[in-house]
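Colleague: I'm new to this one and would like a guided tour. Could you walk me through how to read it?

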Amino acid sequence: MLKKSSTRCGVRKTQINKLILGGRKVPDGKWPWYAAIARRTGRCSEIVCGGSIIDKATILTAAHCLYEQSGVIARYRVLVHVGRTHQFSTHSLSKTYKPDHFIIHPGYRQHNVTHDIALIKLENEIEMNDYVQPVCLWPTRTDHERVVGRTGHVVGFGLHNQSHTSDDLLEAEVPVVDLIHCLESNRDAFGPTLTSQMLCAGALNDVGPCNGDSGGGFFLEINNVWHIRAIVSFAPNLYGETVCDPEQYTIYTDVSKHMQWIFENQHEPSVNRNNIRISSSTTSSTGRPRDTQPPKTPNKLLPAFETESEASEEKCGLRNLNGVVAQKIDREYVAEYGEFPWMVALFRHPEAQFCCNGALVGARAILTTAHCVDLCRNSTKNVTVRVGEWDMSKTEAMPFPPENIITSSAHLHKKYNPSSHVNNIALLELDHPVRYRATVQPVCLPSADYEVRSSENLIATGWGATLKQQQMISPVLKRLDLQNVHWETCKSQLKRYQAKHSFALDNSFVCAVSGHTEHKRPCDGDAGSPVVVEIPGKTEQYFLHGMVSWGYNCHQKAISHTALINVLHYLDWIKETMSKFY
């Protein structure tokens, strides 16, 4: 008879002499939080998915594990086995429980793997012992968010060759892979489906999750305690087959991005047993764990919009003219939320004081001015980069929270002259890649094929002050209409200030004048702000024309010219410098 055991999440109660790697058998008690999810057909049942025990009454799994071709599977056809390490033989260590009801994430849609996460609430509480224990949920207040490169563990009864599921519970170690690298490995399969709510892992060595492993956990150890970081969701198939390709990466639902939803539903009161907590707009699902490749959708490394509108493909320079939420701001000089997703705010580290602007030009690359780097550096070399920002006074309340990333290095142009602002350009290298989403996308770099004529319309964005503002910055992202001016014309207009100020203007600069009747132009706090032009022949797709470098007396209407760094002039330097980031 099994003795009852104290319950502490993520801690094994049995002695394990050796870790078994590479898809080998799991000894009893090694993964006591693993739950096998079986489906009944007549008198027979078959394990089709995995899950994880997170408390006495709750199993965490993938949403698609609770579907069949016609929709959500009937509750009475599902069984949950705990403490089981052999599929077809039972023993005293294994117990079986029936579901009370399912709670499926409201954002999950059949034939779409976004938010592929669900909870199974059980009729009766699980009896914990040394071989059955809960796993810890991912800690919300830790600095362990950076998991790329770490190796995690997956467990399941899935295929151990191309035709048969395993009789024994298997485990494997797989490393976490950067989403961008994952995307580039198979754009056809991952391009339409990857979002920032997912995690990618795999060693491409024929070891990892396969058919039948969906819903199982991806476990990482923190200070000798095991936590669930992700849930097995899907992987590409072998060509012409309905089984996984062992030489492709596997995609997981990132548990850390769904913690609030889990907390809200984990301890909810019991409901009628026929009740299925699910969004009414959810239709149906494949009902097959990882046996078909998800169909293409327009989504590429973007989360679903809260308005349920479709996200566009990941392309540089795409302006969201109406923002990314249903309610428009529609205020003069104010950008819509998410309208310019390449916009970046720079902060002094570690005091988090706003200091400058920049533009996202690559997953790990921010383009700004060299004098911005001087403004933002304090006692340390690092600068904090915030992507996805819009209203600095309401950062925590935004639908898509901004992300802060520390720079690992700053690359200033070697010939930068602080007094004349010649070669006033810099690239910031991020410590890790950004997560592309609706409010975070790169801007296009210029091309020699793009001609910017005199008086052509430009758009500048930044958090600088305006004429009517007394403070140094605007809390909400500002949008200004400018017009292009040839540098020689600009130079003649600014000559009267040469006696008081040291400056130089040549073809490494471009100039802009205000396009507003009130002569609003970039001002205090707008240093490093990107100035973009619509790509010829494209609609609402923009390339980076210039970066705000300097100007005189921006609060005076009589002076309307602003000097910009000519990004095209430095294109070779930008590309050469960025090539060292990867």
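Modeller: We'll go through a sheet, a helix and some disulfides. Keep in mind that this is a predicted model, where local features need pLDDT of at least 70, side-chain atom pairs count only at pLDDT 80 or more, and totals for chains, interfaces and linings use all residues. Residues are numbered from 1 along each chain as its sequence is written, and side-chain values use heavy atoms, with hydrogens and water left out.

Colleague: Okay, the sheet. What is the order of its strands?

Modeller: Some ground rules come before that. Strands (E, at least two residues) and helices (H or I, at least four) are DSSP runs numbered from the N terminus, and two strands pair if DSSP finds at least two bridges between them. Here, seven strands make an open sheet with antiparallel pairing, in the order β8-β7-β2-β3-β4-β10-β9. At the edges sit β8 (95–97) and β9 (99–104), each pairing on one side only.

Colleague: How much are neighbouring strands turned against each other?

Modeller: On average 35°, direction ignored. For angles, axes are lines fitted to C-alpha atoms, for helices over the stretch in contact, and values run from 0 to 180 degrees between N-to-C directions.

Colleague: How many bridges join β2 to β3?

Modeller: Eight; β2 covers residues 34–41, β3 covers residues 44–55, and the two run antiparallel. If you want a spot to look at, Ala36 stands opposite Gly50 in β3.

Colleague: And which helix packs on that sheet?

Modeller: That's α3 (residues 259–266), which touches β3, β4 (58–61), β9 and β10 (118–122). Contact means heavy atoms within 4.5 Å. The direction of α3 makes about 20° with that of β10.

Colleague: Which residues of α3 are buried?

Modeller: Buried means under 20% relative accessible area, exposed over 50%, and partly exposed in between (1.4 Å probe, protein chains only). In α3, the buried ones are Met259, Trp261, Ile262, Asn265 and Gln266. Looking down the axis of α3, they fall within an arc of 160°, so they line one face of the helix. That arc is taken from the directions from the helix axis to the C-beta atoms.

Colleague: Why would residues three or four places apart point the same way?

Modeller: An α-helix has 3.6 residues a turn, so residues with that spacing point the same way. On the other side of α3, Gln260 and Glu264 are exposed. The cover over its buried residues includes β3, β4, β9, β10 and β11 (136–137).

Colleague: Now the disulfides. How many are there?

Modeller: The rule is a pair of cysteine sulfur atoms within 2.5 Å, and by it the count comes to six disulfides. One of them joins Cys49 and Cys65, with sulfur atoms 2.1 Å apart. Cys49 lies in β3 and Cys65 in the loop between β4 and β5 (67–68), so this pair ties together parts that are 16 residues apart in sequence.

Colleague: Is that one left-handed or right-handed, and what sets it?

Modeller: The torsion about the S-S bond of Cys49 and Cys65 is about -85°, so the disulfide is left-handed. Compare the link of Cys182 and Cys200: with 75° about its S-S bond, that one is right-handed. Cys182 lies in helix α1 (residues 179–185) and Cys200 in strand β14 (residues 198–201), so the pair ties together parts 18 residues apart in sequence.

Colleague: Are Cys182 and Cys200 buried or exposed?

Modeller: Both Cys182 and Cys200 are buried. For an exposed cysteine, look at Cys44, with a relative accessible area of 54%.
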